[in-house]
Amino acid sequence: MLKYCSIGSGSSGNCHYIGYENTNILIDAGLTGKKIEDGLKNININNLNGIFITHEHSDHIKGVGILSRKYNIPIFANLKTWQAMKDKIGEIDKKNIMVFENDKTYSLGKIIIRPFSIPHDSSDAVGYSFYANNEKISIATDIGMITDNIRKNLYKSKLVIIESNYDKNMLMMGPYPYNLKKRVSSELGHLSNEDCGNFCVELVNNGTKNILLAHLSKENNFPELAYETTKSILFENDIKIDKNINLEVLPREQISEIYKL
Ligand SMILES: [Zn+2]
Ligand SMILES: [Zn+2]
């Protein structure tokens, strides 16, 4: 079974677990090493084959150096992301520095992995698709807008973890300074609840059965609002949340349940 679990999701720290048979990987390690260790213990995972990095923002890399040094874990990222994060994560053993190219397909153990380019204000951000057991899971957070490359990679994923970062009104009326509001809502910023909801219609129409809303802003969103926004956009498009379509919001600080495909 292909397994997914969120160890934390939000602007204060992101870390996802994916496992298949004896291959266990993390996508980002943006919480403290201790929190990630506790999360993994919680789901009985005691070895990791690699950590895949989406981009160098601190809410995605905070614990990566510590974990790699302590447990001798390889870190996978593209070259520009390596260049941008190497001074932030401390010394990494040469053999654990793994460089990939975007939009190519790799494998680690029994999991096929494809990093794909996404628009975000970091050096070279990616989302990921994972394949095993004839199933596909995709993760895309920190995305300024939905591109055709994102569509191509996310369609036909049975489980999708997608960003639903902010509510447009809350962002506009909220405490952020003007420039930050502009950055968040730009095409290199984050995805709003509404844009997420519209894209979820496309996802469901292209085979997705399970959508987990991720990376919610603490200041400009809240779980019920993210959930209701996407749910009502789905409903307007004749898609009802039922036993065939599951929609959930990932918890910000706690570990999620384990999803099995
Ligand atoms: Zn982030
Ligand atoms: Zn980011």
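In this predicted model, seven strands form an open sheet. Their order across the sheet is β7-β8-β9-β10-β11-β12-β13, and the pairing is mixed. Because β7 (106-108) and β13 (246-249) stand at the edges with a single partner strand each, one side of each has no neighbour in the sheet. On average, neighbouring strands of this sheet are turned by 20° against each other, direction ignored.

**Inside the sheet and across it**

Strands β11 (residues 159-163) and β12 (residues 210-214) pair in the parallel sense, over five bridges. One of the residues involved is Glu 163, whose bridge partner in β12 is Ala 214.

Helix α8 (residues 193-205) lies across β11 and β12, and its direction is at about 160° to β11. Helix α9 (residues 223-236) lies across β12 and β13, at about 155° to β13.

Strand β1 (residues 2-8) is mostly covered, with six of its seven residues buried. Two strands pair with β1: β2 and β14. Strand β2 (residues 15-20) runs antiparallel to β1 and is joined to it by six bridges. Strand β14 (residues 259-260) also runs antiparallel to β1, joined by two bridges. In the hairpin of β1 and β2, six residues lie between the strands, and Gly 10 takes a positive phi near 160°.

| Residue | Bridge partner | Strand of the partner |
|---|---|---|
| Leu 2 | Tyr 20 | β2 |
| Tyr 4 | Tyr 259 | β14 |
| Glu 163 | Ala 214 | β12 |

**Ile 27 and its surroundings**

Ile 27 is found in strand β3 (residues 23-27). Is Ile 27 buried or exposed? Ile 27 has 30 C-beta neighbours inside 10 Å, so it counts as buried; the cut-off for a buried residue is 20 or more. Leaving aside neighbours within four places in sequence, Ile 27 is in contact with His 16, Ile 18, Phe 52, Thr 54, Tyr 128 and Ile 139. Asp 38 is eleven residues from Ile 27 in sequence, and the two C-alpha atoms are 16 Å apart in space.

**The nonpolar core**

The largest nonpolar core has 64 residues. Which residues have the most contacts inside it? They are Ala 29, Ile 51, Ile 53, Ile 162 and Leu 213. With neighbours within four places in sequence left aside, Ala 29 is in contact with Cys 15, Ile 36, Ile 51, Ile 61, Lys 62, Gly 63, Val 64 and Leu 67.

**The protein as a whole**

The protein has nine helices and 14 strands. Of its 261 residues, 48% are buried. Among contacts between residues at least 6 apart in sequence, 66% join residues at least 24 apart.

The C-alpha atoms fill a box of roughly 50 × 45 × 35 Å along the principal axes. The radius of gyration is 17 Å, which agrees with the value near 18 Å that a compact globule of 261 residues would have.

Note on methods
Residues are numbered from 1 along each chain as its sequence is written. Chains are lettered from A and ligands numbered from 1 in the order in which they are written. This is a predicted model: local features need pLDDT of at least 70, side-chain atom pairs count only at pLDDT 80 or more; totals for chains, interfaces and linings use all residues. A nonpolar core is a set of buried Ala, Val, Leu, Ile, Met, Phe, Trp, Tyr and Cys residues joined through C-beta atoms within 7 Å. A residue is buried if 20 or more other C-beta atoms lie within 10 Å of its own, exposed if 12 or fewer, and partly exposed in between; C-beta atoms are placed from the backbone. Two residues are in contact if their C-beta atoms, placed from the backbone, lie within 7 Å. Two strands pair if DSSP finds at least two bridges between them. Helices (H or I, at least four residues) and strands (E, at least two) are DSSP runs, numbered from the N terminus. Axes are lines fitted to C-alpha atoms, for helices over the stretch in contact, and angles run from 0 to 180 degrees between N-to-C directions. The radius of gyration is taken over C-alpha atoms; the globule rule is 2.2 Å times the number of residues to the power 0.38.
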